[in-house]
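Please look through the sequence and the structure before turning to the topics below.

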Amino acid sequence: MAQDHIRYDILAQDALRSVIRKVLSEVAATGHLPGDHHFFITFLTGAPGVRISQHLKAKYPEQMTIVIQHQFWDLKVTDSQFEIGLSFSDTPEKLVIPFNAIRGFYDPSVSFELEFDVAASEEEEDEQSAEVTAYPAAVDTAADDAGDAPKAGGDDDGKKPGASVVSLDSFRKKN
């Protein structure tokens, strides 16, 4: 079998991350989220380029989910990362999050979700599958309406009603 020198799996993940980059850039330009939109962003706290306080790193050693809704400030977006000010237990924090560190993006107002497999290191990148999940179909957001954040890396199987998982590895030929 031929080896995929183009790495379509990485290209597809980069393209989907550009959706997040574009949305955050528009929010940064206007200073607010349109309509009822709000975002849950899950990222790996130990990924290269992530900058969070030692307090948050100790509390969330592997991954963390932030909510961008009503109270945020100083949102700045570049090609490779975004930085944002958020409050945690009435303590203001500045976070810098590279787009490559993002594991999930969810906008419950329109039931849209993207999930990424993020390699812990470049050596592991070749070993891990590149799986991207999009949930544009209706999702039960009753838990979100009750104020409960979705579980990042939770106990469920990660599937939503009416959702389909597209594993890009199934299209890649292995050598």
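With which residue does Glu26 form a salt bridge? The partner is Lys22, and the closest N and O atoms of the pair are 3.0 Å apart. A salt bridge here is a side-chain nitrogen of Lys or Arg within 4 Å of a carboxyl oxygen of Asp or Glu. The model is predicted, so local features need pLDDT of at least 70 and side-chain atom pairs count only at pLDDT 80 or more, whereas totals for chains, interfaces and linings use all residues. Residues are numbered from 1 along each chain as its sequence is written, and side-chain values use heavy atoms, with hydrogens and water left out.

**Overall build**

- The protein chain has 4 helices and 9 strands; these are DSSP runs numbered from the N terminus, with helices being H or I of at least four residues and strands E of at least two.
- From the N terminus on, the order of the elements is α-β-α-β-β-β-β-β-β-α-β-α-β.
- Of the 175 residues in the protein chain, 34% count as buried. Buried means under 20% relative accessible area, exposed means over 50%, and partly exposed lies in between, using a 1.4 Å probe and protein chains only.
- The protein chain has an accessible surface of about 10500 Å², and 50% of this belongs to carbon and sulfur atoms. Such areas come from the Shrake-Rupley method with a 1.4 Å probe, and for residues only the protein chains shown count as cover.
- Among contacts in the protein chain with a separation of 6 or more, 57% are between residues 24 or more positions apart. Contact means heavy atoms within 4.5 Å.

**The nonpolar core**

- A nonpolar core is a set of buried Ala, Val, Leu, Ile, Met, Phe, Trp, Tyr and Cys residues joined through side-chain atoms within 4.5 Å.
- The largest such core has 30 residues, of which Ile41, Phe43, Ile66, Ile68, Phe82 and Leu95 touch the most other members.
- Two or more residues of this core come from each of α1 (8–30), β1 (39–44), β2 (63–68), β4 (81–88), β5 (91–98), β6 (102–107) and β7 (112–116).
- Leaving aside residues up to four places away in sequence, Ile68 touches Leu24, Leu33, His38, Phe39, Ile41, Phe82 and Ile84.

**Phe39 and the aromatic pairs**

- Phe39 is placed in strand β1 and counts as buried because its relative accessibility is 3%.
- With residues up to four places away in sequence not counted, the residues that Phe39 touches include Val23, Leu24, Val27, Ile66, Ile68 and Phe105.
- Phe39 and Thr65 are 26 residues apart in sequence, and their C-alpha atoms are 9.8 Å apart in space.
- There are 3 aromatic pairs. Rings of Phe, Tyr and Trp (its six-membered ring) pair if their centres lie within 6.5 Å; planes under 30 degrees apart count as stacked, over 60 as edge-to-face and the rest as tilted.
- The pair of Phe39 and Phe105 is tilted, because the ring centres are 5.1 Å apart and the planes stand at 35°. This pair links distant parts of the chain, since Phe39 is in strand β1 and Phe105 is in strand β6, 66 residues apart. Both Phe39 and Phe105 are buried.
- The rings of Phe40 and Tyr106 also form a tilted pair, with centres 6.1 Å apart and planes at 35°. Phe40 lies in strand β1 and Tyr106 in strand β6, so the pair ties together parts 66 residues apart in sequence.
- Phe40 is buried at a relative accessible area of 9%, and Tyr106 is buried at 6% relative accessibility.

**Charged side chains**

- Side chains of opposite charge can pair when their charged atoms come close.
- The count of salt bridges is 4.
- Glu26 and Lys22 both lie in helix α1, 4 residues apart, which is about one turn of the helix. Glu26 is partly exposed at 43% relative accessible area, whereas Lys22 is exposed at 53%.
- Glu83 is buried at 15% relative accessibility and forms a salt bridge with Lys76, the closest N and O atoms being 3.9 Å apart.
- A salt bridge also joins the side chains of Glu83 and Lys94, at 3.3 Å from N to O. Salt bridges with shared partners join Lys76, Glu83 and Lys94 into one network.
- The charged end of Arg17 sits over the ring of Phe116, 4.3 Å from the ring centre. A charge sits over a ring if NZ of Lys or CZ of Arg is within 6 Å of the ring centre and within 35 degrees of the ring normal.
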